[in-house]
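The following exercises are to be worked with the sequence and the three-dimensional model at hand. Each task is followed by a solution in steps.

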Amino acid sequence: MTQAAGLGPTIRAWRDRLSPTATGLPAGHGRRAAGLRREELAELAGVSVDYIVRLEQGRATTPSAQVASALARALQLTSAERDHLFRLAHLAAPTDDQISDHIPPGVQRVVGRLGDAAVAVFAADWQLIWWNRNWAALLGDPSASPPGLRNFARDTFPVTSDKPRLSQWPVLALDDEVTSAAVVSDLRRATGRFPRDRRLAKLIRDLAEGNERFAELWAAGTVAAHREDRKIINHPSVGTVTVDCDVLTDGDAELKIVILTAAPGTRDEASMRLAAVAGVANPSESVGEAARHGLR
């Protein structure tokens, strides 16, 4: 492999081609290059600037799979480019029978243009991998919870003393039984699509062993997808907000794009806007986490 085709130069080439505005960052004045600065890539990927420097200079050559995935999202790589990044980092590229946390550039563009909606993206196993500022403002900042527990199925079927991790305040489904059955059915559908995914297998094992209601529903064997819901959010600043929850699925990766909206012209719509203006409970942390997920 020539030096110019190595990990560091390739990351630099991808960084140079990505404009700040494509990631939601302000273009600013006096920029000497059209691409991202190292500081901006570091912020978007949630790593240190020094680590980006060492990667590009070839002094760091083996990033973890988690860091490689974060870089792929921040750089808005295609699936083929993400796989190439993994191979350059001496990592096994994700296979078609493994759940992917990668968000293709097209999906990033779409979710970034949904205006006032509260939007999040989940992997096929309902692991939260992306959210916007309005989502954090409406439900509380997910970065307050450990990454491994940011999972809607774990919230729906808590194990032992587990508490909901996707919202910092109470959220009620108008028909909890329908929602619970839909989540279990959707997970069973995911096992058919990703039969050898270890993370999915562990999730189902944990819930089946630790939550009696999940075990009962899982034994029923229903296969379906979770598409829509209606929820009541007890927001600490604006009071109760009733929202429609629509779930869109993207392609073979089975990414779930969850969109929360309120009926136009209602008090709930006004409350959503007030929540967005009020911001999140811990703004300093949210800004950093939003940047790590490419949110602005």
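**Exercise 1.** Locate Glu254 in this predicted model, decide whether Glu254 is buried or exposed, and identify the side chain with which Glu254 makes a polar contact.

*Solution.* 
1. Glu254 lies in the loop that runs between β5 (239–250) and β6 (255–261).
2. The relative accessibility of Glu254 is 13%. Residues under 20% are classed as buried, and therefore Glu254 is buried.
3. The side chain of Glu254 is joined to that of Arg189 by a polar contact of 3.2 Å.
4. With residues up to four places away in sequence set aside, Glu254 touches Arg189, Arg193, Phe194 and Thr249, as well as Phe122, Ala123 and Ala124.

**Exercise 2.** Determine which strand holds Ala118, and describe the surroundings of Ala118.

*Solution.* 
1. Ala118 belongs to strand β1, which spans residues 118–122.
2. Ala118 counts as buried because its relative accessible area is 0%.
3. Along the chain, Ala118 and Thr261 are 143 residues apart, yet their C-alpha atoms are separated by 6.8 Å.
4. Beyond residues up to four places away in sequence, Ala118 touches Asn132, Asn134, Trp135, Leu138, Val258, Ile259, Leu260 and Met272.
5. For the chain as a whole, 61% of the contacts between residues at least 6 apart in sequence join residues at least 24 apart.

**Exercise 3.** Describe how α9 and α10 pack, and state which residues meet there.

*Solution.* 
1. Helix α9 covers residues 176–193 and helix α10 residues 198–210; their axes are 10 Å apart, at an angle of about 145°.
2. From α9, Leu187, Ala190 and Thr191 take part, meeting Leu200, Leu203, Ile204 and Leu207 of α10.
3. Sorted by class, this contact between α9 and α10 comprises six nonpolar residues, one polar residue and no charged residues.

**Exercise 4.** Which residues have the most contacts inside the largest nonpolar core?

*Solution.* 
1. In soluble globular proteins, nonpolar side chains tend to be buried together.
2. Here the largest nonpolar core has 42 residues, and those with the most contacts inside it are Phe122, Trp135, Leu138, Leu187 and Leu260.
3. Apart from neighbours within four places in sequence, Leu187 is in contact with residues including Asp125, Trp126, Ala153, Phe214 and Trp218.
4. A second, separate core has 26 residues, among them Leu41, Ile52, Leu85 and Leu88.
5. Of the 296 residues in the chain, 48% are buried.

Key: Residues are numbered from 1 along each chain as its sequence is written. This is a predicted model: local features need pLDDT of at least 70, side-chain atom pairs count only at pLDDT 80 or more; totals for chains, interfaces and linings use all residues. Side-chain values use heavy atoms; hydrogens and water are left out. Axes are lines fitted to C-alpha atoms, for helices over the stretch in contact, and angles run from 0 to 180 degrees between N-to-C directions. Helices (H or I, at least four residues) and strands (E, at least two) are DSSP runs, numbered from the N terminus. Contact means heavy atoms within 4.5 Å. Ala, Val, Leu, Ile, Met, Phe, Trp, Tyr, Cys and Pro count as nonpolar, Asp, Glu, Lys and Arg as charged, and the others, Gly among them, as polar. A nonpolar core is a set of buried Ala, Val, Leu, Ile, Met, Phe, Trp, Tyr and Cys residues joined through side-chain atoms within 4.5 Å. Buried means under 20% relative accessible area, exposed over 50%, partly exposed in between (1.4 Å probe, protein chains only). A polar contact is a pair of N or O atoms within 3.5 Å; within protein, one must be able to donate a hydrogen and the other to accept it, and residues adjacent in sequence count only if both atoms are side-chain atoms.
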